[in-house]
Amino acid sequence: MHSFPVPPRHVPIGDAAAFVGTTPRAIRHYHQLGLLPEQERGSDGRRRYGSADITRLLWIRRMADAGVALEDVREAFDGAAPSTLGDDGAVADVLGRLEERLAEQEAELRRKRAAVRRMRARGSRLGLLDDIVARRLEDAPAGSLRSDDLDTLLVTERILGPLGAFAQAGRFLALAGDPALRAASDRVDAAERALDDTVSVDDPRVAQVAAERHAFETALMRAVEESGQLEEDEAAFDAWDAQHPAQDVDVAAAAGGRATKAAAVIRRLPYDLSPAQLRAMELALQLGLAADGA
């Protein structure tokens, strides 16, 4: 008659890990986090684990598999595995937080899937812009939007948010629908690029380029107004405000906060503009302000 096998009272870390379905490295990590008390080393210099340790490890592994953070496991069990989940209020608190995190992860996953669908439907780069911006550009003639246009909208969206990029998208729609206006834009851009670091801010070309920029911006704004885009902008802003109501917020304070945030972002944005180019931009702005005040 065969005798019943006598199980060991303690097992080495490798056997404990194999039984639980984890690794020795994970168990050592549990020790470091204080999830599992470290056992005394035997005469052979190795730690050995008893049945209580194995049970504890099973609880840790099961909670970790459910998505509970190891820090929360420590808080929930506070050094000892409970006999049932219902006898420790800390466990219920941990699981409540876990459910909230999972709901957030589900929402994030839905957002990512929506972004992937937009990229597949509209093209990868256009689909990466906010939906309100991408929708506005859907009517642009095929091939009329340039890579630089999308780059500019991406930066604008970062600084001014989706509505700022939405308004700017109207400029690119006007350029896309008017080849002559696009050609004029290219000429002004080229003239500005020519004002490199070798050109003094007092060079007569700076004022000339500023005048060209002002004339172009005036023509572009006229085209935008004639297309009815300003009314579209206003309707989009109203719809946005309706969907994102500012509750009990001082309007002036909120506007100041947005300006501060935009300024903070701009300060971190590198730019490749020469002093002459910056001076031309300043002069063009002055011309625009003078025209508005006339």
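How close do the axes of α8 and helix α11 come, and at what angle do they cross?

Analyst: This is a predicted model, so local features need pLDDT of at least 70, side-chain atom pairs count only at pLDDT 80 or more, and totals for chains, interfaces and linings use all residues. Residues are numbered from 1 along each chain as its sequence is written, and side-chain values use heavy atoms, leaving out hydrogens and water.

Now the helix pair. Two packed helices are described by the angle between their axes and the distance between the axes. The axes of α8 and α11 (residues 229–243) come within 11 Å. They cross at roughly 160°. Axes here are lines fitted to C-alpha atoms, for helices over the stretch in contact, and angles run from 0 to 180 degrees between N-to-C directions. The two helices are therefore roughly antiparallel (angles over 145 degrees count as such). Helices themselves are DSSP runs (H or I, at least four residues), numbered from the N terminus.

Which residues touch? From α8, the contact is made by P162, L163, F166, A167, G170, R171, L173 and A174. From α11 come Q229, E232, D233, A236, F237 and W240. Contact means heavy atoms within 4.5 Å.

Buried means under 20% relative accessible area, with a 1.4 Å probe and protein chains only.

Take V133. Beyond four places in sequence, V133 is in contact with L153, E157, P162, A165, F166 and A169. P162 and F166 also belong to the α8 side of the contact with α11.

Next, S185 in α9 (residues 179–193). S185 counts as buried, because its relative accessibility is 6%. Leaving out residues up to four places away, S185 touches L175 and F216.

How far can the model be trusted? pLDDT is the predictor's confidence in each residue, from 0 to 100. The protein averages 79, and 81% of the residues score at least 70. Confidence is highest in α9, at a mean of 94, and lowest in α12 (residues 251–267), at 53. Where pLDDT is low, the predicted coordinates should not be read in detail.

Note on methods: Buried < 20%, exposed > 50% of the residue type's maximum accessible area, 1.4 Å probe, protein only. Parallel < 35°, antiparallel > 145°, perpendicular 65-115°, else oblique.
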